[in-house]
Amino acid sequence: YRVWISEIMLQQTRVEAVKPYFSRFMEALPDVKELAFVEEETLLKLWEGLGYYNRARNLQKAARVCVEEYAGQLPASYERLLALPGIGSYTAGAIASIAFGLPEPAVDGNVLRVLSRLFESRDDIGKQSVKRQMEQELREVIPKELPGDFNQALIELGALVCIPSGEPLCSQCPFSTLCLAKRHQTTGEIPVKAGKKERRREEKTIFIIEYEDKAAIRKRSAKGLLASLYEFPNLPGHLKEEEVPEALAIGREDILSIEPLPEAVHIFSHVEWHMTGFRVMIKRELPQQYPMKQVEEIFEKYPLPNAFQAYTAILKGNNKPIRP
């Protein structure tokens with residue numbers, strides 16, 4: 001269970017960043033059954049700040065399968081692990097080898113880089129067919145004794161020695177005498193990976209609407225980007241201050257003040273949000289338009305994604321908001 005949770009958290013996230021989240025998560029949800037039955041809002045709050053929230057949802061889906069089919073335990077089988085929601089070949093291999101001692105490869109970006117340079121392969125590592133081929137090649141040589149150590153050694157080699165940016169530390173590499181990319185001085189060209197599509201740009205205006213010690217938040221749609229998380233009211237485009245009352249449909253007589261907020265940018269895998277904002281202090285609550293919660297309760301209970309952290313910091317009273 002701990003191997004599984006840590007591996008999912010470490011997808012797209014650095015080790016040092018994950019550590020406090022992992023500790024908090026394990027304290028709140030120490031086993032598969034606790035994860036299976038926790039309220040989704042509590043789960044997302046525990047995940048708050050890690051991003052890619054579908055990872056958390058898939059964890060819970062997989063946990064429920066484990067409760068229903070495997071008596072609340074992860075199955076000690078690569079094929080059955082692979083069939084669980086949110087578990088791909090890498091994660092299945094990591095759990096199988098590290099937790100159960102099964103000789104299955106765990107091929108992530110680090111391992112793909114090591115093997116590509118070792119064999120001077122110019123195949124596109126972004127292709128699933130290339131990854132499957134490397135998995136099969138490793139499956140033929142992975143030791144039956146301590147396969148988890150073997151996999152972790154390859155992963156660490158890629159993370160710390162055969163590094164993704166800058167010159168690899170070939171003098172520290174145990175493969176240095178075998179590596180074809182080092183021999184032919186092509187480490188700067190390998191691995192090969194096709195470029196990503198250009199991200200779509202979206203402009204938004206974010207509103208922190210406050211009355212006394214309350215602020216307006218709303219729940220996002222159950223589908224799509226940041227599904228079921230909470231957000232500050234916002235509108236497409238970059239609005240000017242004089243446009244705010246009409247855009248929010250709040251009468252000027254109900255507005256105490258409007259304060260411009262700094263710009264912020266948040267980058268997702270396929271889209272960039274370029275945001276500006278306003279802090280709008282109102283004279284009375286407008287529950288039909290903008291339901292409000294106690295500010296303290298917002299930070300304790302409701303999952304707010306990192307996309308809004310520049311404005312979350314302002315609501316917390318930080319005059320120098322943290323930029324994403």
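Modeller: Buried means under 20% relative accessible area. Keep that cut-off in mind for helix 7. This model is predicted.

Biologist: How many residues of helix 7 are buried?

Modeller: Of its 12 residues, 9 are buried, so helix 7 is mostly covered. They are Ser89, Tyr90, Thr91, Ala92, Gly93, Ala94, Ile95, Ala96 and Ser97.

Biologist: What covers the buried residues of helix 7?

Modeller: The cover includes helix 1, helix 6 (78–82), helix 9 (128–139) and helix 10 (147–160).

Biologist: What should the 12 residues of helix 7 span?

Modeller: Count 1.5 Å a residue. Helix 7 (residues 89–100) should then span 16 Å. Its end C-alpha atoms lie 15 Å apart, which agrees.

Biologist: Which residue follows helix 7?

Modeller: Glycine 101 follows helix 7. The phi of this glycine is positive, near 70 degrees.

Biologist: Now to packing. How are two packed helices described?

Modeller: By the angle between their axes and the distance between the axes. Take helix 1 (residues 2–9) and helix 2 (residues 15–28). They pack at about 140 degrees, with axes 10 Å apart. That angle makes helix 1 oblique to helix 2.

Biologist: Is the crossing of helix 1 and helix 2 left-handed or right-handed?

Modeller: Their crossing is right-handed.

Biologist: Which residues make the contact?

Modeller: Helix 1 brings Arg2, Ile5, Ser6 and Met9. Helix 2 brings Val18, Tyr21, Phe22, Phe25 and Met26.

Biologist: How do the residues of the contact of helix 1 with helix 2 divide?

Modeller: Into 7 nonpolar, 1 polar and 1 charged.

Definitions and conventions: Residues are numbered from 1 along each chain as its sequence is written. This is a predicted model: local features need pLDDT of at least 70, side-chain atom pairs count only at pLDDT 80 or more; totals for chains, interfaces and linings use all residues. Side-chain values use heavy atoms; hydrogens and water are left out. Axes are lines fitted to C-alpha atoms, for helices over the stretch in contact, and angles run from 0 to 180 degrees between N-to-C directions. Helices (H or I, at least four residues) and strands (E, at least two) are DSSP runs, numbered from the N terminus. Angles under 35 degrees count as roughly parallel, over 145 as roughly antiparallel, 65 to 115 as roughly perpendicular and the rest as oblique. A crossing is left-handed if the near helix is turned anticlockwise from the far one by less than a right angle, and right-handed if clockwise. Contact means heavy atoms within 4.5 Å. Ala, Val, Leu, Ile, Met, Phe, Trp, Tyr, Cys and Pro count as nonpolar, Asp, Glu, Lys and Arg as charged, and the others, Gly among them, as polar. The expected span of a helix is 1.5 Å times one less than its number of residues. Buried means under 20% relative accessible area, exposed over 50%, partly exposed in between (1.4 Å probe, protein chains only).
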